[in-house]
Amino acid sequence: MLICTGLPPPTPASTSSAASTDLTQARLKRQPDIQLPGGKCYIQDLAVVSPDLLLVSNRSKQCVQLLDCMKGEVVSEVQLQEQPYSMCLTDRNTAAVNLGDRTIQMIKVKDKTLTKGGELTVSGVIRGLTSSRNSLVVSYGSQPWLEVISMDGKVLHQFNKSGKSQHFKYPSFMCTAPGGSVFISDYGTITITKVDAQLNLLQTFTSPLLQQPCGITAVTEDQILVCSQGNNSLLLLQPSTNTMSTLLGKDDGIEDPFSLTYCPDQKKVYIASYETDTIKVYMMS
């Protein structure tokens, strides 16, 4: 049973685009793994730049790498002053990566080359990072809460902590759905939380299927993929119907899933374990 608290979910709009990416009707078919050059490493996060290019947050080498998905080759990498953690694209040519405790490093992507951009310093120990409406949404771990900040570091919105101070314990991964809602997976409370672009609390989900939630990504506004690390599963959360189901498990090659991302152009899901030498690839069919 899925337990949902918060506001009643909206009825999702029916569009041809949504129909073509309906994971309740399609299935995820395994594709050849992408071999990571250099062997096993600690992968914190993934982001799709283009159908053939994937950004990899590599903690072992203290860098962000641009990976050619077809060739399995690193075409560019940028060394960082600290280990990279969560990562998101702010647009097709810019990524934001949080380093250490309080720094966000901007990375420029141009002509298959990565270069450093500017830096932002934020107010707490960063855990999760996503972008929304030309701003960044940041989750903090030391005092678990959320902020929306502008690209020049100005705080635009804060999660209302009064009476909700215990809502989060370890909000470690976040994603933004196409409609602007933000979803947060919390390793400590074993929940998925949905907030709006101003960080108003909308819904909170949990389920017996959800064990040690980690990476999270949106396929549509109503189809959210979650890494359930504790039981080696990829889950599908559908907020409108308050349902959570298992899409992939250990028999499908899922083991210790930690981070993931979705490519809408190719309808592919990329999944990485925390310590791994491959990235698993699945395509909707």
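Hi everyone, let's start with the fold: the protein chain has one helix and 26 strands, counted as DSSP runs numbered from the N terminus, with H or I over at least four residues for helices and E over at least two for strands. The radius of gyration is 17 Å, close to the 19 Å from the globule rule for 285 residues, so the chain is as compact as a globular protein of that length. That radius is taken over C-alpha atoms, and the rule is 2.2 Å times the number of residues to the power 0.38.

A word on the source: this is a predicted model, where local features need pLDDT of at least 70 and side-chain atom pairs count only at pLDDT 80 or more, while totals for chains, interfaces and linings use all residues. Residues are numbered from 1 along each chain as its sequence is written, and side-chain values use heavy atoms, leaving out hydrogens and water.

Along its principal axes, the C-alpha trace spans about 45 × 45 × 35 Å. Of the 285 residues, 54% count as buried, meaning under 20% relative accessible area with a 1.4 Å probe, protein chains only.

Now, the cysteines. Cysteine 88 is buried at 8% relative accessibility, and cysteine 263 is buried at 1%. Thanks, everyone!

Note on methods. Buried means under 20% relative accessible area, exposed over 50%, partly exposed in between (1.4 Å probe, protein chains only).
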